[in-house]
Amino acid sequence: MTGTSPPLSAPFDVGFDYTRTLGPVLGPFATALRDGRVLGIRGTDRRVHVPVVEFDPVTGDALDELVEVSDFGTVVTWTWQSRPSEGQPLDRSFAWAMIRLDGADTPLLHAVDTGSAEAMWTGMRVRIRWADERSGSITDIACFVPADSATASEPEAPAAASDAAPVTTVVTPIHLHLRHSASAQESDYLRALEQGRLLAQRCTECDKVYIPPRGACPTCGVPTTEPVELPDTGTVTTFCIVNVPFLGQRIAPPYVAAYILLDGADIAFLHLVLGCDAAHVRMGMRVRAVWKPREDWSTTMENIDHFAPTGEPDAADETYAHHL
Amino acid sequence: MAVPDVAVVGFAEAPNLRAADATTNGVEMLVPLFEQVLDELSMTRHDIGFWCSGSSDYLAGRAFSFIAAIDAIGAVPPINESHVEMDAAWALYEAWVKLRTGEVDTALVYGFGKSSAGDLRRTLALQLDPYSVAPLWPDSVTIAALQARLGLETGMWTEREMAEVSARSLRDGATNPLAQRGHATDADALLAEPTLADPLRAYDCAPITDGASVVVLAAADRARELRRDPAWITGMAHRTESGTLTARDLTRSSSTQDCSKAAGTDGVAVAELHAPFSHQDIVLRRALGLGDAVSVSPSGGALCGNPMFSAGLSRIGHAARHVLDGRAEKVLGHATSGPALQQNLVCVMEGGN
Ligand SMILES: [Zn+2]
């Protein structure tokens with residue numbers, strides 16, 4: 001039964017704005033970038049590191065001697081990015097290069113805007129093109145350009161704004177785009193939900209019935225295989241009353257989130273219990289699924305809007321005691 | 001108390017695929033591997049004293065993704081388990097230490113990753129310095145291309161030498177049924193191909209690979225019970241270089257050289273190297289001081305399949321097989337992690353008792 005159709009998958013984006021404090025070395029480096037200047041730091045061996053490092057890369061000594069370096073530099077090595085991807089410095093093809101700025105001993109990695117790979121070579125002289133708006137980030141350097149290219153059309157880096165507060169934090173948004181796949185077992189379960197059915201599977205080693213079914217029984221380490229159709233009635237094993245509002249909340253609190261053990265299942269799942277006063281929900285309460293209109297069904301547990309009390313007598317403790 | 005000797009006694013690898021029909025939690029790839037490697041050793045999962053895995057939440061796109069993989073073990077009753085957010089070669093290091101303490105006498109190490117779920121090259125930008133490099137999103141092929149040109153233009157290696165590495169790997173890959181790619185070719189044919197990220201051509205770069213692998217370790221007498229010819233670990237070391245990419249000499253691998261000295265690599269007949277780019281094979285061979293007589297990455301190596309978080313462990317497993325099968329007396333497996341060979345691990349294994 002499992003795996004008769006390819007597993008379901010869907011796009012899945014994850015993102016987070018990393019906010020980092022900068023400290024005594026990276027802070028002045030970021031502040032200088034915002035003000036249109038580049039700082040390096042002198043290492044234990046007197047080499048000037050650009051970008052700055054907080055600790056010497058060889059000895060591990062804490063470093064503190066900041067040194068201003070030039071906007072001009074020399075390409076040490078390069079490669080060509082023919083199709084830029086999200087977040088990169090330029091949206092047209094460009095060179096990546098390690099550039100040793102005049103006054104520095106170690107190179108900085110950044111983009112060079114030359115239009116074509118033929119215009120790039122190791123040893124070429126380049127200079128910084130500053131971003132119009134700067135916040136204290138490495139992206140304040142928009143890119144590098146050939147040192148002899150025209151400057152007339154470009155904004156000059158404004159003189160250091162001496163009254164502006166030092167930069168102490170940097171925010172880096174990170175966004176990744178994935179394609180999330182369900183397992184073969186989960187796919188069967190989701191396709192059954194689309195038809196209004198609750199499809200569990202039994203582990204053939206321990207006889208436990210899992211809903212959703214699993215790629216591996218967590219007790220036995222083997223995939224569940226034997227399909228089991230379950231009714232849409234069950235028992236509340238445990239619950240909590242949600243009183244706290246939060247971003248994206250769809251129901252006004254207070255409401256009940258409960259673990260529901262479907263009749264015939266060995267594992268409970270989390271769902272909503274509505275249709276009665278939150279204060280009346282209790283362990284052992286018998287509930288039934290309230291489905292959304294059939295035309296709204298798809299491959300999701302959200303087809304069940306919530307569970308509501310059936311009015312039957314409560315289940316005996318021993319019927320769910322092993323599932324708490 | 002004497003510190004017990006530790007040996008590799010088993011190895012299994014999933015097919016190296018561009019896109020596996022699997023979830024990012026690795027269960028589908030791991031279940032058959034556990035079965036295969038335990039059957040081969042006539043063991044059950046209850047015989048394993050310690051489990052250790054390597055994988056990455058960034059690759060899976062969710063937090064604590066390795067927890068779901070534990071389902072594949074069947075962790076009831078509770079097991080002795082650990083995880084590293086590194087290639088599983090580093091999980092093997094942890095397991096080796098655990099066995100050396102004498103606390104357990106068997107360990108199963110596994111790594112897995114579904115690189116195809118996301119944009120791998122972009123994801124790998126996140127291992128770069130978060131202040132001055134990662135916000136620019138230079139991808140992993142870019143970083144390798146910058147390293148390759150440094151070597152080319154300072155005379156450390158030539159494009160032909162790089163092509164010869166790729167040709168050797170592709171020919172070897174054709175003999176490995178689990179490899180993602182491999183075919184008969186030569187350097188001339190490869191040099192005629194266009195560049196992907198100048199100066200790198202597609203064949204200079206490891207493919208994007210989904211996969212998993214498993215290594216079983218055992219200590220002293222237990223190893224001898226499980227296997228007639230265990231691959232005894234006689235040296236193991238890992239070293240890390242600066243997290244500042246541009247502060248390193250990218251044309252050499254000082255960390256690999258240090259590992260080589262510490263692990264004692266003289267006299268190896270086979271070296272399985274984790275070199276995701278052709279020029280890195282050259283850097284590693286020099287750092288390890290491997291002569292022409294040494295068979296390098298006869299599995300085809302990472303250029304024929306580079307499943308993130310298990311490719312390094314697989315190198316140790318492939319190397320060990322030469323000892324387990326009695327084909328070599330002394331071998332090494334190498335693993336790398338981080339951008340442009342930042343971190344390296346060397347595991348030396350020998351036959352005999
Ligand atoms: Zn079971």
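The legends below describe close-up views of a predicted model.

Residues are numbered from 1 along each chain as its sequence is written, with chains lettered from A and ligands numbered from 1 in the order in which they are written. Because the model is predicted, local features need pLDDT of at least 70 and side-chain atom pairs count only at pLDDT 80 or more, while totals for chains, interfaces and linings use all residues; side-chain values use heavy atoms, with hydrogens and water left out.

**View 1. The largest nonpolar core has 63 residues.** A nonpolar core is a set of buried Ala, Val, Leu, Ile, Met, Phe, Trp, Tyr and Cys residues joined through side-chain atoms within 4.5 Å. Buried means under 20% relative accessible area, exposed over 50%, and partly exposed in between, with a 1.4 Å probe and protein chains only. The members that touch the most others are A:Val38, A:Leu101, A:Met120 and A:Phe144. Strand β6 (residues 94-101) of chain A gives the most to this core, with 7 residues. Apart from this core lies another, of 37 residues, including B:Val6 and B:Cys347.

**View 2. A:Val38 and its contacts.** Contact means heavy atoms within 4.5 Å. Residues up to four places away in sequence are not counted. Among the residues that A:Val38 touches are A:Phe29, A:Val50, A:Glu68, A:Leu101 and A:Trp130.

**View 3. Strand β6(A) pairs with β5 (residues 72-81) and with β7 (residues 108-112) of chain A.** Helices (H or I, at least four residues) and strands (E, at least two) are DSSP runs, numbered from the N terminus. Two strands pair if DSSP finds at least two bridges between them. The pairing of β5(A) and β6(A) is antiparallel over 8 bridges, and A:Gln81 stands opposite A:Phe94. With β7(A), β6(A) pairs in the antiparallel sense over 5 bridges; here A:Ile99 stands opposite A:Leu108. The hairpin of β6(A) and β7(A) has 6 residues between the strands, and A:Gly103 in this hairpin takes a positive phi near 100°. Since 7 of its 8 residues are buried, β6(A) is largely enclosed by the rest of the structure.

**View 4. An open sheet of 3 strands in chain A has the order β12-β11-β13.** The pairing in this sheet is antiparallel. At the edges stand β12 (209-210) and β13 (226-230), each with a single partner strand, so one side of each has no neighbour in the sheet. Between β11(A) and β13(A) there are 5 bridges, and A:Leu199 stands opposite A:Glu229 in β13(A). A:Gln201 lies in β11 (residues 198-202) and is buried, because its relative accessibility is 0%. The side chain of A:Gln201 makes a polar contact of 2.9 Å with that of A:Thr224. A polar contact is a pair of N or O atoms within 3.5 Å; within protein, one must be able to donate a hydrogen and the other to accept it, and residues adjacent in sequence count only if both atoms are side-chain atoms.

**View 5. Helix α12 of chain B covers residues 311-324.** Of its 14 residues, 13 are buried. The expected span is 1.5 Å times one less than the number of residues. After α12(B) comes B:Gly326, with a positive phi near 75°.

**View 6. The cysteines form 0 disulfides over all chains.** A disulfide is a pair of cysteine sulfur atoms within 2.5 Å. The closest cysteine sulfur to that of B:Cys52 is in B:Cys347, 14 Å away, so the two are too far apart for a bond. B:Cys52 is buried, at 0% relative accessibility. A:Cys143 is buried, with a relative accessible area of 1%.
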